[in-house]
Amino acid sequence: MSTAITHEEEHHEDLTGWRRWVFATNHKDIGTMYLWFSFAMFLLGGAFALVIRAELFVPGLQLVEPDFFNQMTTMHGLIMVFGAVMPATVGMANWMVPLMIGAPDMALPRMNNWSFWILPFAFSLLVSTFFMEGGAPAFGWTFYAPLSTTFAPSTTDFFIFGVHLMGFSSIMGSINIIATILNLRAPGMTLMKLPLFVWTWLITAFLLIAVMPVLAGAVTMMLMDRNFGTSFFDAAGGGDPVLFQHVFWFFGHPEVYIMILPAFGIVSQIIPTFARKPLFGYASMVYAVAAIAFLSFIVWAHHMFAVGMPVAGELYFMYATTLIAIPTGVKVFNWVATMWRGAMTFETPMLFAIAFVVLFTIGGLSGLMLGVAPADKQYHDTYFVVAHFHYVLVTGAVFALMAGTYYWLPKWTGYMYDERLGKIHFWISTISVNVLFFPMHFSGLAGMPRRIPDYAVQFADWNFLSSVGGFVFGFSQLLFFYIVIKAIRGGEPATNRVWEGAEGLEWTLSSPPPHHSFTVPPEVR
């Protein structure tokens, strides 16, 4: 008789203690590890941001050296983008996609384990540069050449290796998600019956596979320029520093949508539940996500209006950028139409989802302003840009992740979270995040450059406000941590229909779920 362990038997091995996590192939355990890792990175990246805000509390250099300040801005951006937001959305995909499509697990469980365990090593490598000779990289999270090639410390090579490792993780995770969605759906579940969160992740996974190799190419060219005598980005050797910006932003702009599309999916699950209505315009939402993903590839140089491109190029990138507003507007309209005349209740997930719709729209509108080439000459590299992308990524992606955490916590833990504390967390976060980022629009329009450790006295009041908001927002996330731990440790048991009137497959299970997501394929409505 064969001694080979079948996949089914392997899942039932009683791995306990640390072995359960190190050798995990269960999508729920791996999803949980992604979520905890991303939260740890969120707190670390947030601590770096608080150093930045402490330095900018009042004019003058009082806390850190300018070079260390630049290291903080660089590591804050890299850790928040690659370490906090992206792994958190992957964690939610790991947890929820198999549940939503009726799959027993992810299609490639061992690769799933590998794609997670690469991340702690990649980020340990990145953070360890603080303790090396030369210090951490200080060239901004966009690592423009020649700052990152000719003038950067030797630790940059460790940064390059770390970025490669993150790319491996993202590509493997994406292959896994695509294979799972296309091959393991329950019988009768056609693509146009997929929950919106599954659709957004299917499209996001294709985006990741398309653009992570571009980032790998950019950092490999950096490596060659730094160590092997090439001149990709060195004008003295026939290269072009602007080429770096083209390659980076061809990755960087789809990357922005890699972070926000899963957030769209989360919000599209939550709003119908608490409005007690099906999502308005399901098909148009799917097509809008696909249109946004396609357009994200052809607008990259709107980040580069200041490099001196021809007027025809500026016109093209301006029009293409403005075009993205249409499918995005469709999504916002459909969310509002779903809420319209619904039997709405305002539990914590719904509060975060509504805040997402309102505040993400503010970020979208300021993005439209930045997409207008002549106006961008004033906005470029000012705090107005910082305000714009933080409205998109904090009140957008991060708020959606918080909404999703509150929404699915009863499913993940079997217990309800503390609703009163959840609402307190929501209100403190929402007020403070606006105190933090809204004044940046004004200081930016008045001419304050980004990434500077000191500033002229006329910007003092807005910076003071932003710093106060930053510290309140940062420390309020410790309350979020407490709420999650409290729910894990126990509380009011969750029923098998946690949110009354909930739509969608994710609530057809008992909670906490059995060992496998479904014992029988779910009934397809």
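Modeller: What follows is a conversation about this model, which is predicted.

Biologist: Let's start inside. How many cavities of 30 Å³ or more does the search find?
Modeller: Searching the whole structure gives 1 cavity of 30 Å³ or more, and the volume of this largest cavity is about 140 Å³.

Biologist: Which residues lie nearest the centre of the largest cavity?
Modeller: Of the 16 residues that line the largest cavity, Met-86, Pro-87, Val-90, Ser-169 and Ser-170 lie nearest its centre. Two or more lining residues are given by each of helix 4 (66-101), helix 6 (156-183) and helix 7 (196-227), and the largest share, 6 residues, comes from helix 6.

Biologist: And how does the lining divide into nonpolar, polar and charged residues?
Modeller: The lining has 11 nonpolar residues and 5 polar ones, with no charged residue among them.

Biologist: Okay, on to packing. Which residues have the most contacts inside the largest nonpolar core?
Modeller: Those are Phe-123, Phe-143, Trp-335 and Phe-356, in a core of 168 residues. Helix 4 supplies the largest share of this core, with 21 residues.

Biologist: Take Phe-143, then: what does it touch beyond four places in sequence?
Modeller: Once residues up to four places away are set aside, Phe-143 touches Leu-78, Ser-148, Phe-159, Leu-215, Val-219, Met-222, Phe-244 and Phe-248.

Biologist: I wanted to ask about backbone geometry too. Which residues does the cis peptide bond join?
Modeller: The cis bond joins Ala-145 and Pro-146, with omega at about 0°. Pro-146 sits in the loop between helix 5 (109-128) and helix 6.

Biologist: Since helix 10 came up, how far apart are its end C-alpha atoms?
Modeller: They are 43 Å apart, which agrees with the 42 Å that the 29 residues of helix 10 (residues 311-339) should span at 1.5 Å a residue.

Biologist: Back to phi for a moment. What about Asp-381?
Modeller: Asp-381 also has a positive phi of about 60°, although it is not a glycine, and it lies in the loop between helix 12 (373-379) and helix 13 (383-413). With a relative accessibility of 40%, Asp-381 counts as partly exposed, that class being the one between the 20% and 50% limits.

Biologist: What is Arg-450 in contact with, leaving aside its sequence neighbours?
Modeller: Arg-450 is in contact with Asp-381, and also with Thr-382, Tyr-383, Val-385, Val-386 and Phe-389, when neighbours within four places in sequence are left aside. Arg-450 itself belongs to the loop between helix 14 (419-445) and helix 15 (460-489).

Biologist: Is Arg-450 buried or exposed?
Modeller: It counts as buried, because its relative accessibility is 17% and the limit for buried is under 20%. Its C-alpha atom is 9.8 Å from that of Thr-73, a residue 377 places away along the chain.

Biologist: Last one: is Pro-213 buried, exposed or partly exposed?
Modeller: Pro-213, which lies in helix 7, counts as partly exposed at 43% relative accessibility. It touches Ile-171 and Leu-208 when residues up to four places away are not counted, and its C-alpha atom is 9.2 Å from that of Phe-168, which is 45 residues apart from it in sequence.

Terms used. Residues numbered from 1 in each chain as written. Predicted model: local features only at pLDDT ≥ 70, side-chain atom pairs only at ≥ 80, totals over all residues. Heavy atoms only, no water. Helix = DSSP H or I, 4+ residues; strand = E, 2+ residues; numbered from the N terminus. Expected span 1.5 Å × (residues − 1). 1 Å grid on protein atoms, 1.4 Å probe; cavity = no way out; pocket = protein on both sides within 12 Å on 5 of 7 lines; lining within 4 Å. Points joined across faces, edges and corners; volume = space filled by probe spheres on them. Nonpolar A, V, L, I, M, F, W, Y, C, P; charged D, E, K, R; others polar. Buried < 20%, exposed > 50% of the residue type's maximum accessible area, 1.4 Å probe, protein only. Core = buried A, V, L, I, M, F, W, Y, C linked by side-chain atoms within 4.5 Å. Contact = heavy atoms within 4.5 Å.
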